[in-house]
Structure formats: C-alpha cells, structure tokens
Amino acid sequence: MVRACFLLLLAAALAGCKSTPPPVPLAQLNAQQMHGHAVFQTNCSSCHYDRRDASLHGPPLLGVFKKPSLPSGAPANDERVTATILHGHGLMPAVGGAMDQQDIDDLLAYLHTL
Ligand code: HEC
C-alpha cells in the first residue's frame, strides 16, 4: 500500500516536470488578450504555432513564458520577446513594422496565456 502511493506520487512528480499547464482557452480571454490573439494571427501565425507544441518555420510559442528561457537560451521575458519582434532574431525577420505599442502590449498579454 505504502509502496503504491509512493509510485503514484513519483509518477505525478515526473509528469509535472515535463508538462506545462495548458493555455487559457480562447473563450476565456479578456478583451486585451483577444486583441493580442488577433495580432498574433496576423503577424506571427504564418511561422509559429501558438497552441501546438510543434515547429512551423520557427519554434512553437506554446508556453513561451512558462519556460525559463527562449529557444536561443535568452531569458523568457517581455523585453526579450519585444526585442525579437522589433529586431528579429537569427532566421526570424523583424516583424514589428506594422504594429504599434498597443498591439505589442496586447500580443504579449496573449502570449502570457499560452
Ligand atoms: C517569417 C517567419 C516568422 C514570423 C512572421 C515570426 N517569426 Fe518568430 N521566429 C521565426 C524563426 C525562423 C525563429 C527562429 C530564429 C532562430 O533562432 O534562428 C523565430 C524565433 C522566435 C522566438 C524565439 C527567439 C529566441 O530568442 O529564441 C520568439 C519569441 C518569436 N520568434 C516570436 C515571434 C512573434 C511574437 C512573432 C509575431 C509578432 C513572430 N515571431 C513572427 C520566424 C518567424
């Protein structure tokens, strides 16, 4: 009995290490996050999946702020992601040209729900 409990706990702990919590469902987003989702669809979705853990042209953005670092190893924070959008990174071109500060703020708010 004790051993069975221990194994269950161990399994739960291992699963917890591997999987991040799921994204907030689209239906539960607030107005700012909804606008951020629209900005994502227009500017990012051609190269990144937001709700699938798979690469498209770039790495998935699923759980981007739940992981300690970006794929490049840079810290996963608003500053680095904003810089990536505005200046590009490696194979990613700068894509911020069509976005104003509000769009970027709302996009970051959406990415935080993933
Ligand atoms: C034309 C395709 C393309 C578009 C559009 C695009 N990306 Fe990327 N993105 C990439 C590629 C390719 C990489 C991998 C870059 C590398 O490491 O060489 C990348 C990497 C990233 C990274 C990881 C950076 C790092 O430091 O590891 C983030 C974050 C990111 N993109 C966010 C975005 C966001 C947000 C948008 C929309 C505003 C966007 N991207 C639009 C192609 C794109």
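The paragraphs below go through the chain, the ligand and its iron atom, and then a few individual residues.

This is a predicted model, in which local features need pLDDT of at least 70 and side-chain atom pairs count only at pLDDT 80 or more, whereas totals for chains, interfaces and linings use all residues. Residues are numbered from 1 along each chain as its sequence is written, and side-chain values use heavy atoms, with hydrogens and water left out.

The secondary structure of the protein chain consists of 4 helices and 0 strands, where helices (H or I, at least four residues) and strands (E, at least two) are DSSP runs numbered from the N terminus. Read from the N terminus on, the order of the elements is α-α-α-α. Of the 114 residues in the protein chain, 32% are buried; buried means under 20% relative accessible area, exposed over 50%, and partly exposed in between, with a 1.4 Å probe and protein chains only.

The ligand takes up the space of the largest pocket. A pocket here is an open set of points on a 1 Å grid over the protein atoms alone, where a 1.4 Å probe fits and protein lies on both sides within 12 Å along at least five of seven lines, and a molecule sits in one if more than half of its atoms lie within 2 Å of its grid points. Around the ligand there are 22 residues, the closest being C44, C47, H48, S72 and M92, and a residue is counted if one of its heavy atoms lies within 4 Å.

Which protein atoms coordinate the iron atom of the ligand? They are NE2 of H48 and SD of M92, at 1.9 to 2.1 Å; donors are N, O and S atoms within 2.8 Å of the metal (3.2 Å for Na, K and Ca), and since water is not among the atoms, sites may look incomplete. This pair links distant parts of the chain, for H48 belongs to the loop between α2 (31–43) and α3 (78–87), while M92 belongs to the loop between α3 and α4 (101–111), 44 residues apart. The site has 6 donor atoms with angles of 86 to 179° among them, and is octahedral, a term used for six donors if opposite donors are over 155 degrees apart and all others between 65 and 115. H48 is buried because its relative accessible area is 12%, whereas M92, at 24%, counts as partly exposed.

A polar side-chain atom of H48 is 2.8 Å from a nitrogen atom of the ligand, and a polar side-chain atom of S72 is 2.5 Å from an oxygen atom of the ligand. P71 lies in the loop between α2 and α3, and it counts as exposed because its relative accessibility is 67%.

Q32, in helix α2, is partly exposed because its relative accessible area is 35%; Q32 and L108 are 76 residues apart in sequence, yet their C-alpha atoms are 9.7 Å apart in space. T84, in helix α3, counts as buried at 19% relative accessibility, and its C-alpha atom is separated by 7.2 Å from that of A94, 10 residues apart along the chain. L107, in helix α4, is buried with a relative accessible area of 1%, and the C-alpha atoms of L107 and T82, 25 residues apart along the chain, are separated by 9.6 Å.

Conventions. Four donors count as tetrahedral if all angles lie between 85 and 135 degrees; four count as square planar and six as octahedral if opposite donors are over 155 degrees apart and all others between 65 and 115; anything else is irregular. A polar contact is a pair of N or O atoms within 3.5 Å; within protein, one must be able to donate a hydrogen and the other to accept it, and residues adjacent in sequence count only if both atoms are side-chain atoms. On a 1 Å grid over the protein atoms alone, a cavity is a set of points where a 1.4 Å probe fits but cannot get out, and a pocket is an open set with protein on both sides within 12 Å along at least five of seven lines; lining residues have an atom within 4 Å of a point.
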